[in-house]
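Colleague: I have some questions about the labels used here. Please set each value against its definition.

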Amino acid sequence: MPTVPRPHPHPHLREISPDNFQSAIDLRVRPDQEHLVAPVVKSLAEAYVHPDIAWPRLICDGDEIVGFLMAFFDVDWTGKGTDLRSGLWRLNIADGQQGRGYGRFAVRSVADEIRRRGGTRLTTTWHPGPDGPEGFYRALGFRTTGETSGDQTVGVLDLD
């Protein structure tokens with residue numbers, strides 16, 4: 001029997017609600033990527049304690065949850081009040097859903113929200129190394145800043 005190609009994705013973002021909370025925290029990335037990103041439940045806990053900066057959203061295709069993102073807005077990056085940044089805090093694409101454009105959609109969605117809020121730059125971080133997502137981010141136009149945040153590489157995408 002021939003395989004029917006999956007239709008081109010029509011992703012959209014959905015807020016976390018009591019109706020989808022359990023599905024959100026059940027989302028898992030590929031087992032070999034679990035060490036690269038925090039589980040959704042940790043992100044939601046961080047969003048709860050940082051409601052003024054965190055923007056958690058489910059990535060859905062139709063009714064199917066295919067990923068999770070959390071953006072941050074106007075974070076005092078250096079703690080000196082002179083370097084406010086916005087960007088992508090977390091990106092979890094569900095096991096079996098990578099390579100379908102959902103990650104690109106997530107980055108584009110965060111970029112659009114930053115622009116809507118008057119920003120011109122999207123900051124993110126990633127685990128360095130051959131198993132990390134650096135190639136993905138560089139293909140989208142991110143450049144490294146030379147900074148690190150913890151053990152992660154800092155990248156930036158100019159939006160203007």
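Modeller: Start with contact: it means heavy atoms within 4.5 Å. Leaving aside neighbours within four places in sequence, Asn 20 is in contact with Arg 14, Glu 15 and Leu 58. The model is predicted: local features need pLDDT of at least 70, side-chain atom pairs count only at pLDDT 80 or more, and totals for chains, interfaces and linings use all residues. Residues are numbered from 1 along each chain as its sequence is written, and side-chain values use heavy atoms, with hydrogens and water left out.

Colleague: Why does Asn 20 count as buried?

Modeller: Buried means under 20% relative accessible area, exposed over 50%, partly exposed in between (1.4 Å probe, protein chains only). Asn 20 has 8% relative accessibility, so it counts as buried.

Colleague: Which backbone oxygen lies 3.0 Å from a polar side-chain atom of Asn 20?

Modeller: That of Glu 15.

Colleague: Where is Asn 20 found?

Modeller: In the loop between S1 and helix H1 (21-26). Helices (H or I, at least four residues) and strands (E, at least two) are DSSP runs, numbered from the N terminus.

Colleague: What is the strand order of the open sheet?

Modeller: S1-S2-S3-S4-S5-S7-S6, seven strands with mixed pairing. Strand S1 (11-14) and strand S6 (143-149) each have a single partner strand, so they stand at the edges.

Colleague: How do you know that S4 and S5 pair?

Modeller: Two strands pair if DSSP finds at least two bridges between them. Two bridges join S4 (residues 84-93) to S5 (residues 121-126), and these strands run parallel. In one of the bridges, Gly 87 has Thr 123 of S5 as its partner.

Technical notes. A polar contact is a pair of N or O atoms within 3.5 Å; within protein, one must be able to donate a hydrogen and the other to accept it, and residues adjacent in sequence count only if both atoms are side-chain atoms.
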